[in-house]
Amino acid sequence: MIDKYPKRLEVSNPGTLRMSKSVAIAGGTSDARNGKIFNIFSLVRIGERSGMGLSSLYGVWEKEMFAEAPPNGL
């Protein structure tokens, strides 16, 4: 799902993870759900296939000293 706002785009997926939560959080395993959208992001240099999305999110979350997990139990 892509939502357009005046100063940003939000891209989300209401589906579930296609790998275990622990593997996704550990990072290093990439599993793009929509290859075409991933390719578009790669072409404009805002995406990479490193599999570090959730790992990075958890790192920032911990650094900023929020609760143990991001909202919605990701």
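Tutor: Begin with a rule for charges and rings: a charge sits over a ring if NZ of Lys or CZ of Arg is within 6 Å of the ring centre and within 35 degrees of the ring normal. Here Arg8 lies over the face of Tyr5, at 4.1 Å from the ring centre. Keep in mind that this is a predicted model.

Student: Where does Tyr5 stand relative to Arg8 in the strands?

Tutor: Tyr5 stands opposite Arg8, which belongs to S2. Strand S1 covers residues 2-5, and strand S2 covers residues 8-11. The two run antiparallel and are joined by four bridges. Two residues lie between S1 and S2, and the strands form a hairpin. Another opposite pair is Ile2 with Val11 of S2.

Student: How do side chains alternate in a regular strand?

Tutor: In a regular strand they alternate between the two faces of the sheet.

Student: How many aromatic pairs are there?

Tutor: Rings of Phe, Tyr and Trp pair if their centres lie within 6.5 Å. By that rule the count is zero.

Student: Which pattern does the protein chain follow along the sequence?

Tutor: The order is β-β-α-α-α, with three helices and two strands in total.

Student: Which residues is Ala24 in contact with, leaving aside neighbours within four places in sequence?

Tutor: They are Leu17, Met19, Leu54 and Ser55. Leu54 is 30 residues from Ala24 along the chain, yet their C-alpha atoms are separated by 6.3 Å.

Student: What do the totals for the protein chain say about burial and contacts?

Tutor: Of the 74 residues, 11% are buried. Among contacts with a separation of 6 or more, 28% are between residues 24 or more positions apart. The accessible surface is about 6200 Å², and carbon and sulfur atoms account for 58% of that surface.

How values were computed. Residues numbered from 1 in each chain as written. Predicted model: local features only at pLDDT ≥ 70, side-chain atom pairs only at ≥ 80, totals over all residues. Heavy atoms only, no water. Buried < 20%, exposed > 50% of the residue type's maximum accessible area, 1.4 Å probe, protein only. Contact = heavy atoms within 4.5 Å. Areas by Shrake-Rupley, 256 points an atom, 1.4 Å probe, with all protein chains shown as cover. pLDDT = per-residue confidence, 0-100. Phe/Tyr/Trp six-rings, centres within 6.5 Å; stacked < 30°, edge-to-face > 60°. Pairing = 2+ DSSP bridges.
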